[in-house]
Amino acid sequence: MGCFTFIKVMMILFNLAIFLSGGTLLGVGIWVKVDGESFLKIFGTLSSSILQVVNVAYLLIVIGAILLVIGFLGCYGAQKESKCLLMMFFSVVLIIFIAEVAAAVVALIFTGLAETLLTGLVTPLLKEKYGVDQTFTEIWNVTMTEVHCCGLNNYTDFNNSVFYATHQGYYPRQCCGMEDTGNCTSTVAAEMDVQGCFKQILEEIRTNAGVAGGVAAGIAALEIASMAVSMYLYCRLDEK
């Protein structure tokens, strides 16, 4: 087996795995969207993850769809020896790589900006959906209980919210460090000063920075390798 054939086969198998992984994530994302409660019952221990702050279903669907596209372009492009598909594969992976680097820079250097963006996105959702949408409420209840946090920034995220209005000016019990019973007033919440989930999760990420960095480096290495292989196949096709 020649070098070109070997690399071609490896490219097909690697991207087939990516395609299947994308399909799995897409299916899980649809499952979470349709039946989020059963997902929480099974994977409740993952509540300390950053995935609990954003909409898990849409995140999984988007990631799954992207992996499906990448896997298809790489696998089919290599199998059919299509220069067009290989170039599309290279371009998509390059765009994702650049986006990941940009996101890492924002997360590591511009933490304040990231907090501002998240506040503008998540806080309005808390005010509108917490206490109204059962799945959304359950996600945040599990997160605030397990991570020992309150809201995104602190208890004031619930000011003028639907929950605040319908519960006679009380806050979620987690904002006062309460386990099961008791009314969480603004006075008690201010005294307890429970940190927001953003800061708590940020601390967990910093604590596990080594693992997160290793995973990120591994993903980056795979992306660079896949781009190099696709370019190798693309250039070799000119010689055939």
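**How we know: burial, bridges and a nonpolar patch**

Visitor: Why is Cys 175 called buried?

Guide: Its relative accessible area is 1%. Buried means under 20%. The value of 1% falls under that cut-off, so Cys 175 is buried. One caution at the start: this is a predicted model.

Visitor: What makes Cys 175 part of a disulfide?

Guide: The sulfur atoms of Cys 150 and Cys 175 are 1.9 Å apart. The cut-off for a disulfide is 2.5 Å. The distance of 1.9 Å is within it, so the pair counts as a disulfide. The pair links distant parts of the chain, 25 residues apart. Cys 150 sits in the loop between α6 and α7, and Cys 175 in the loop between α7 and α8 (186-192).

Visitor: Why is the disulfide of Cys 150 and Cys 175 called right-handed?

Guide: The torsion about the S-S bond is about 70°, so this disulfide is right-handed.

Visitor: And Cys 150, is this residue buried or exposed?

Guide: Cys 150 is buried, because its relative accessible area is 0%, and buried means under 20%.

Visitor: How many disulfides are there by this rule?

Guide: The count comes to three. Another one joins Cys 149 to Cys 197, with 2.0 Å from S to S. That distance is also within 2.5 Å, so the pair qualifies.

Visitor: Which parts does the pair of Cys 149 and Cys 197 tie together?

Guide: Cys 149 lies in the loop between α6 (134-147) and α7 (162-166). Cys 197 lies in helix α9 (residues 197-207). The pair therefore ties together parts that are 48 residues apart in sequence.

Visitor: What makes the disulfide of Cys 149 and Cys 197 right-handed?

Guide: The torsion about its S-S bond is about 75°, so the link is right-handed.

Visitor: Are Cys 149 and Cys 197 buried or exposed?

Guide: Cys 149 has 0% relative accessibility, so it counts as buried. Cys 197 is also at 0%, so it counts as buried.

Visitor: How do you know that Cys 176 and Cys 184 form a disulfide?

Guide: Their S to S distance is 1.9 Å. The cut-off is 2.5 Å, so the pair is a disulfide. The link is right-handed, with 75° about the S-S bond. Cys 176 is buried, and so is Cys 184.

Visitor: What pattern do the disulfides follow?

Guide: The pattern is 1-6, 2-3, 4-5, with bonded cysteines counted along the chain.

Visitor: Why does Cys 3 count as exposed?

Guide: Cys 3 has 52% relative accessibility. Exposed means over 50%, so Cys 3 passes. Cys 84, at 53%, passes too, so it counts as exposed.

Visitor: Which residues make the nonpolar surface patch?

Guide: Among them are Phe 6, Met 10, Leu 13, Phe 72 and Tyr 76. The patch has an area of about 800 Å². Two elements give two or more residues to it: α1 (3-34) and α3 (56-80). The largest share, seven residues, comes from α1.

Visitor: Why is Met 10 called partly exposed?

Guide: Met 10 is found in helix α1. Its relative accessibility is 37%. Buried is under 20% and exposed is over 50%. The value of 37% lies in between, so Met 10 is partly exposed.

Visitor: What makes Tyr 58 partly exposed?

Guide: Tyr 58 is at 45%, which lies between 20% and 50%, so it counts as partly exposed. This residue is found in helix α3. Tyr 58 and Val 32 are 26 residues apart in sequence and 8.8 Å apart in space, C-alpha to C-alpha.

Visitor: How many helices and strands does the protein chain have?

Guide: There are 10 helices and zero strands. Of the 240 residues of the chain, 34% count as buried. The accessible surface comes to about 13400 Å², and 67% of it belongs to carbon and sulfur atoms.

Visitor: Where is confidence lowest, and where is it highest?

Guide: Helix α2 (residues 36-43) is lowest, with a mean of 58, and α7 is highest, at 89. Over residues 45-54, pLDDT stays under 50. The mean pLDDT of the chain is 80, and 81% of its residues reach 70 or more.

Key
Residues are numbered from 1 along each chain as its sequence is written. This is a predicted model: local features need pLDDT of at least 70, side-chain atom pairs count only at pLDDT 80 or more; totals for chains, interfaces and linings use all residues. Side-chain values use heavy atoms; hydrogens and water are left out. Patches are made of residues with over 30% relative accessible area and no salt bridge: like charges are joined within 9 Å, nonpolar side chains (Val, Leu, Ile, Met, Phe, Trp, Tyr) within 5 Å. Accessible areas come from the Shrake-Rupley method with a 1.4 Å probe; for residues, only the protein chains shown count as cover. A salt bridge is a side-chain nitrogen of Lys or Arg within 4 Å of a carboxyl oxygen of Asp or Glu. Helices (H or I, at least four residues) and strands (E, at least two) are DSSP runs, numbered from the N terminus. Buried means under 20% relative accessible area, exposed over 50%, partly exposed in between (1.4 Å probe, protein chains only). pLDDT is the predictor's confidence in each residue, from 0 to 100. Contact means heavy atoms within 4.5 Å.
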